[in-house]
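Subject: Structure handover

Hello,

Here is the structure we spoke about. My notes on it follow below.

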Amino acid sequence: MADTFEDFLQTRPPTADRPLLGQTVLVVEDSRFASDAVRLLCLRSGARIRRADSLRAAARHLCTYSPSILIVDLGLPDGSGLELIEELDAKRPRVPVIIATSGEDDLAGCALSKGADEFLTKPLVNIAQFQETILSLLPEGVRPKGLRTVVREDVDPDRIAYRDDLAHVADLLAEGGSFRRFDYASGFLRGVAKTAGDTVLMAAVAELDRRRAAGEATGVTVARVVGLIEDRLSQERSASYSGHPRGSFGRDLTRPD
């Protein structure tokens, strides 16, 4: 059934199948692939969503937009999402729900200590987990009444966004630059590979991080990572041109919406 205008009215109460109706989400996420996953989760849940891809963009949004839910990636191009979490946790009135997210599990404690209400490890693709997490943090009065539909499915974000993310990180690695830039590129790629379920690319990034931490030469390892990215870009283009519905990692290339 197609969505109607009334489905997205802010005053409409939540329902069993759209438990987040009436909620507004600001997702602060630089990955287009990860952002599309959250967009689909919000669409399936009834929430409205806006996206900011950096701390600076988030600050602009927050000047005129008051979300009820903030989802913040911890690795952003102009700084750490921890800065934004700490700032907004101290602000009054406070954003009701602040959720930190990252592909690195060991950042959970730091995010919670800075004021996040919850930490979710990437990938964020499961509808039931997304809804349960947010509903558990919202005041009881805005939760749906009675029994609720539990959708035990994963969303499948746009493969074009995945391809754009890969091309972006390939450019970052090729350009080189400061240690911070390299750290950002490595973290960005780690999150994208984890969201895509690409264990080979994840392992290559982990090896690159290990070599950098040990002070070892990384030229060959960087070249291998870039080569893997180029292979995946080539595969994605071939799949798009051929119209074949599935990619090399066994994920559906067609958009669910």
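The charged end of Arg 50 sits over the ring of Tyr 65, at 4.2 Å from the ring centre. A charge counts as sitting over a ring if NZ of Lys or CZ of Arg is within 6 Å of the ring centre and within 35 degrees of the ring normal.

The model is predicted: local features need pLDDT of at least 70, side-chain atom pairs count only at pLDDT 80 or more, and totals for chains, interfaces and linings use all residues. Residues are numbered from 1 along each chain as its sequence is written, and side-chain values use heavy atoms, with hydrogens and water left out.

Aromatic pairs

Rings of Phe, Tyr and Trp (its six-membered ring) pair if their centres lie within 6.5 Å; planes under 30 degrees apart count as stacked, over 60 as edge-to-face and the rest as tilted. By this rule there are two aromatic pairs.

One is Phe 33 with Tyr 162: the ring centres are 5.0 Å apart and the planes stand at 45°, so the pair is tilted. Phe 33 belongs to helix H1 (residues 32-45) and Tyr 162 to helix H6 (residues 159-175), so the pair ties together parts 129 residues apart in sequence. Helices (H or I, at least four residues) and strands (E, at least two) are DSSP runs, numbered from the N terminus. Phe 33 is buried at a relative accessible area of 0%, and Tyr 162 is buried with a value of 0%. Buried means under 20% relative accessible area, exposed over 50%, and partly exposed in between (1.4 Å probe, protein chains only).

The other pair is Tyr 184 with Phe 188, with centres 5.9 Å apart and planes at 45°, so this pair is tilted. Both residues lie in helix H7 (residues 179-196), four residues apart, or about one turn of the helix. Tyr 184 is buried, with a relative accessible area of 13%; Phe 188 counts as buried at 5%.

Strand S3

Strand S3 (residues 69-73) is mostly covered, with five of its five residues buried. In a regular strand the side chains alternate between the two faces of the sheet. On one side of S3 are Ile 69, Ile 71 and Asp 73, on the other Leu 70 and Val 72, and all are buried.

Two strands pair if DSSP finds at least two bridges between them. S3 pairs with strand S1 (residues 24-28) in the parallel sense over four bridges, and Val 25 stands opposite Ile 69. S3 also pairs with strand S6 (residues 97-102), in the parallel sense over five bridges; here Ile 69 stands opposite Val 97.

Regards
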